[in-house]
Amino acid sequence: MSNSIDLNGRPFHFLGIGGIGMSALAYILAKRNLPVYGSDIRPSHITERLQEIGAHIFWRQDASNLEFFVSRLQGLGDNGSPVAVNADGRNGHSQTRSKEAKPANSALPQVICSTAIASDNPEYQAAVNLGCPIFHRSDLLAALIQESQSIAVAGTHGKTTTSSAISHVLFKAGLDPTIVVGGEVNTWGGNAYAGTGRFLVAEADESDGSLVKFGAKIGVITNIELDHPDHYQSLEEVIQIFQVFRDRCTDLVGCIDCSTVREQIKPKISYGLNPDFNPDYTVSSVVYGADGTTAEVWERGKILGELFVPLLGEHNLSNALAVVAVSRHLGLDFAVISEAIASFQGARRRFEHRGEYHNILFVDDYAHHPSEIRATLKAAQLHVSSPLSRQKRIVAIFQPHRYSRTEAFLPEFAASLQAADVVVVSDIYAAGEKNVHNMSGANVADIIKTVHQNVHYQPSLPLVSQLLQKILVPGDLALFLGAGNLNQIIPELMAYYQEMELCHPAGSCS
């Protein structure tokens with residue numbers, strides 16, 4: 001792969017442009033009026049947003065997509081309109097070409113790929129054969145981080161919420177940051193925002209080791225655990241990656257409630273909920289409620305004031321404390337910070353309320369590691385324990401993510417799901433992995449049954465949906481857990497129970 005990103009006008013072509021990480025980078029480049037192209041297998045609201053600002057998308061991943069650029073180099077282009085491949089395989093033309101974004105005819109595109117793109121991908125192979133400069137998405141993010149006063153948020157858990165909340169505070173404070181995060185946020189209407197201010201906030205992923213490429217003005221580490229056994233053999237390898245990240249950042253903010261961060265990272269600026277570790281930022285008088293958390297915030301032994309966090313649970317109070325630490329380091333008044341945090345509603349798929357029908361609340365959460373599931377279930381317990389809550393039973397619907405993670409954490413998954421009243425397990429979402437150990441969702445369900453009496457296994461999403469239509473009752477909180485495609489069944493379930501709601505209480509609808 002080439003090692004020099006050109007941000008001065010050379011075209012970019014993204015393989016899998018609709019992905020949450022890839023689309024955020026494509027959005028920033030397109031908003032800069034750089035020529036942005038890409039491929040994906042189906043349209044989505046994310047790709048529509050990209051097309052609206054001038055990105056050109058080919059609707060399948062195929063070697064022929066690169067022929068467009070060859071045609072332009074040979075002077076055979078069709079007045080600048082790329083020949084796109086529609087979802088049905090027919091040729092078509094992009095209708096959203098930006099008048100300002102004009103590819104340089106003298107250069108092949110810079111091809112951006114993620115770890116999900118295999119080396120035998122035909123479009124990737126075509127780029128190699130043509131001699132296109134090829135970069136991992138982390139190379140592009142590193143280049144953007146390098147050119148800005150950047151805040152890069154890393155950690156095994158909580159980095160999407162923390163980076164989004166930091167961005168929200170800077171946004172509300174009028175600093176107009178550029179934002180690249182791994183979740184969609186209503187404040188700026190997506191997973192990216194191209195601001196005019198001097199700050200860039202980015203979510204920094206450790207899953208494939210690319211964290212070592214990022215050198216930010218301020219780095220944040222929320223916690224460190226082994227989460228990607230497909231890439232790391234041990235926790236020690238993960239720690240080494242985070243230590244390199246620490247050393248590349250000018251200042252490092254870290255949560256010392258995590259013993260690994262406390263002992264192996266030793267952050268310059270610390271935060272934590274446990275005052276016994278003497279963090280720079282901590283809390284007292286904490287009240288966890290069904291609508292959020294209230295606490296007094298302390299800065300190096302002096303009280304700053306009261307903070308309300310409208311997100312449930314201890315883990316989100318910790319995330320908010322990271323936001324306070326970063327914002328104070330940037331010189332913001334606590335009054336500005338606390339007011340902004342109080343209006344932050346979180347990122348999509350982070351305990352996201354999707355709807356309530358027939359007195360059943362549908363909640364979508366990205367949790368896919370035992371620690372995340374445990375924290376999310378604690379938040380769900382806060383909700384159902386409230387005297388004002390209409391829901392009293394937690395039904396956890398869990399889609400395991402990756403065979404390697406499932407095998408590595410089988411006992412931990414069982415323990416983490418004990419707090420649910422009912423557990424429904426689907427088959428494993430492969431995320432491109434091969435099933436070398438012959439794992440299935442049945443293995444997960446079986447081990448959960450050793451510690452839980454009410455466990456159901458269904459091998460497909462349609463069967464999960466059918467089961468939920470039978471077992472969900474008024475007063476349930478249906479909590480969908482996983483980083484895969486489990487949430488695709490939520491709309492149909494809500495429609496089913498909305499119909500039930502219309503029929504209730506007579507129950508006469510057929």
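**Largest cavity**

I looked up the lining of the largest cavity: T161, A165, V309, P310, L311, N316, N319, A320, V323, I341 and F344 line it. I am reading a predicted model, where local features need pLDDT of at least 70, side-chain atom pairs count only at pLDDT 80 or more, and totals for chains, interfaces and linings use all residues. Residues are numbered from 1 along each chain as its sequence is written, and side-chain values use heavy atoms, with hydrogens and water left out.

I noted the rule: on a 1 Å grid over the protein atoms alone, a cavity is a set of points where a 1.4 Å probe fits but cannot get out, and lining residues have an atom within 4 Å of a point. Grid points are joined across faces, edges and corners, and a volume is the space filled by probe spheres set on the points.

I found two cavities of 30 Å³ or more. The largest has a volume of about 70 Å³. α6 (159–172) and α9 (314–329) are the elements that give two or more residues to its lining. The largest share, four residues, comes from α9. I took helices as DSSP runs (H or I, at least four residues), numbered from the N terminus.

I sorted the lining by class: eight residues are nonpolar, three polar and none charged. Here Ala, Val, Leu, Ile, Met, Phe, Trp, Tyr, Cys and Pro count as nonpolar, Asp, Glu, Lys and Arg as charged, and the others, Gly among them, as polar.

**α1 and α2**

Next I checked helix α1 (residues 20–31) against helix α2 (residues 45–52). Their axes come within 10 Å and cross at roughly 10°. Axes are lines fitted to C-alpha atoms over the stretch in contact, and angles run from 0 to 180 degrees between N-to-C directions. The two helices are therefore roughly parallel (angles under 35 degrees).

α1 passes α2 in a left-handed crossing; that is, the near helix is turned anticlockwise from the far one by less than a right angle, and right-handed is clockwise. I20, S23, A26 and Y27 of α1 meet I46, R49 and L50 of α2, with contact meaning heavy atoms within 4.5 Å. I counted five nonpolar, one polar and one charged residue there.

**α15 and α16**

Last, I looked up helix α15 (residues 461–471) and helix α16 (residues 490–503). They pack at about 30°, with axes 10 Å apart. That makes α15 roughly parallel to α16. The crossing is right-handed. From α15 come S465, L468, Q469 and K470, and from α16 E492, L493, Y496 and Y497. This contact has four nonpolar, two polar and two charged residues.

Note on methods:
Angles under 35 degrees count as roughly parallel, over 145 as roughly antiparallel, 65 to 115 as roughly perpendicular and the rest as oblique. On a 1 Å grid over the protein atoms alone, a cavity is a set of points where a 1.4 Å probe fits but cannot get out, and a pocket is an open set with protein on both sides within 12 Å along at least five of seven lines; lining residues have an atom within 4 Å of a point.
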